[in-house]
Amino acid sequence: MPTHLSGAFDPIRFRHHLHRYPELSLQEQKTASVIIDQLLKFGLSPHTNIGGFGIVVDINSGNAGKETLLRADFDALPISEQAEHDHTSRHSGCMHACGHDGHTTSLLSVAEHLSQHPPQTGRVVLLFQPAEEIGLGAKMMLADPRLQQFNPDAVYAYHNLPGYPLGTVVVKEGAFACASTGVNITLRGKTSHAAKPENGRSPATAVSRIMAYLEDLPDSIDDAFCLVTLVHVKIGNPGFGTSPGKANVMATIRSDSDHALACMQKQLQAFVDTQAADQGLTSAIEWVEPFSATHNHPGCTQQLVSAANALGYPIEIPAHPMRWSEDVGEFLSHWQGTLFCLGSGERHPELHNPDFDFPDDLIGIAARLFIKLLEERHTHPEK
């Protein structure tokens with residue numbers, strides 16, 4: 001993968017380059033190098049390798065004022081691309097199926113603008129984050145002491161959203177994206193001949209009860225949206241002569257409330273422990289890729305809406321939070337801010353689909369909204 005692109009910054013060409021050469025979470029070294037190289041070409045001085053391959057650009061006016069952090073992500077997914085455009089992934093089994101290539105290019109467009117028109121007041125921080133897809137990138141960057149010198153009073157990030165007209169701003173105050181975690185339940189017993197299952201300890205009964213419990217688990221929580229999705233079950237091995245001695249049950253648990261998610265985890269742990277004890281099994285539960293809920297600050301959200309209105313962007317306020325998770329919620333648990341979505345087309349392929357491709361027109365739409373927001377926050381001297 002080339003380490004740089006020659007010539008003046010062309011956002012579409014840059015995004016297509018990122019799309020051709022995707023990298024999975026925690027492996028984004030070359031992607032980070034390309035981003036860093038472009039920032040240097042703008043005359044900016046990025047801080048690198050923050051919490052892994054994270055990148056931060058500090059643009060300080062030297063005058064009193066607000067501190068705004070804008071964040072984009074740049075990791076890809078383990079999905080094989082199925083598309084016919086000329087910038088399809090060159091890396092087998094890996095593609096930008098969530099639009100992080102577009103998010104990053106939008107923020108680079110903002111960086112180019114700020115290199116020519118720096119803020120008059122306060123400080124703008126541009127943060128490029130790896131490992132969003134596995135829920136680790138934000139945590140890793142927050143744990144890096146170099147990020148702790150910043151204390152933004154507003155954090156903003158966006159995600160493209162298929163199913164809405166291109167450029168429509170989708171945002172609401174309060175809970176905006178769900179907390180979630182994967183759960184991997186392992187049950188171990190003892191194999192036996194299938195003719196004498198009583199001589200072994202089969203996990204079959206426990207598995208069937210756990211599957212039914214997972215289906216009913218959301219009903220145990222009041223006053224919160226909760227959902228459990230069973231994603232994988234394996235019991236024993238394919239052989240008619242053997243009663244199984246091991247099983248795995250995997251599911252994804254989500255809620256718009258961190259507290260509700262924690263309650264479901266506690267209840268599930270207790271139920272699995274009970275079933276294992278009743279059936280003479282040992283059990284283990286692994287929680288995988290945990291995400292906190294993303295909560296939008298009312299004041300920050302209103303500032304975002306004001307900037308969108310000034311640009312004439314259509315705005316939709318959803319009745320419910322997004323069911324998916326976004327690890328920008330980790331930043332918003334430390335600093336106030338707002339995650340919003342921008343429509344990527346009513347008939348656009350869904351996120352994480354093998355034919356997904358970020359719409360190039362959305363790069364400029366997002367960049368203009370960020371720039372307008374910064375103008376409203378950083379143009380006039382503090383009173």
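Predicted model: local features only at pLDDT ≥ 70, side-chain atom pairs only at ≥ 80, totals over all residues.
Local features were considered only at pLDDT of at least 70 and side-chain atom pairs only at pLDDT 80 or more, whereas totals for chains, interfaces and linings use all residues. Residues are numbered from 1 along each chain as its sequence is written, and side-chain values use heavy atoms, with hydrogens and water left out.

In soluble globular proteins, nonpolar side chains tend to be buried together. A nonpolar core is here a set of buried Ala, Val, Leu, Ile, Met, Phe, Trp, Tyr and Cys residues joined through side-chain atoms within 4.5 Å; buried means under 20% relative accessible area, exposed over 50% and partly exposed in between, with a 1.4 Å probe and protein chains only. The largest core holds 55 residues, and the members that touch the most others are L39, V110, L126, F128, V169, F340 and L369. Helix α9 (residues 361–378) supplies the largest share of this core, 10 residues. Helices (H or I, at least four residues) and strands (E, at least two) are DSSP runs numbered from the N terminus. Another core, of 25 residues, lies apart from the largest one and includes V207, A260, L261 and I285. Leaving out residues up to four places away in sequence, L126 touches I55, V56, V57, I59, L70, L107, V110, A111 and L114, where contact means heavy atoms within 4.5 Å.

Helix α2 (residues 29–41) has 13 residues and spans 19 Å from its first C-alpha to its last, close to the 18 Å expected; the expected span is 1.5 Å times one less than the number of residues. The buried residues of α2 are T31, A32, V34, I35, I36, Q38 and L39. Their cover includes α1 (11–20), β1 (47–50), β2 (54–60), α3 and β4 (123–129). After α2 comes G43, with a positive phi near 90°.

A salt bridge requires a side-chain nitrogen of Lys or Arg within 4 Å of a carboxyl oxygen of Asp or Glu, and the count by this rule is 12. R15 pairs with D101, with 2.8 Å between the closest N and O atoms. This pair joins helix α1 to helix α3 across 86 residues. R15 is buried at 0% relative accessibility, and D101 is likewise buried at 0%. R15 and D101 also belong to a network of salt bridges with D357 and D360. D58 is partly exposed at 26% relative accessibility, while R123 is buried at 16%. R71 and D73 form a salt bridge with closest N and O atoms 3.7 Å apart, and both residues are buried.

D75 lies in the loop between β3 (67–73) and α3 (100–116). D75 is buried but has no salt bridge, the nearest side chain of opposite charge being that of R71, 7.1 Å away; Lys and Arg count as positive and Asp and Glu as negative, with His and the chain ends not counted. The side chain of D75 does make a polar contact with the side chain of S25, at 2.7 Å. A polar contact is a pair of N or O atoms within 3.5 Å; within protein, one must be able to donate a hydrogen and the other to accept it, and residues adjacent in sequence count only if both atoms are side-chain atoms. Beyond four places in sequence, the contacts of D75 include E23, L24, E28, H96, H100 and P130.
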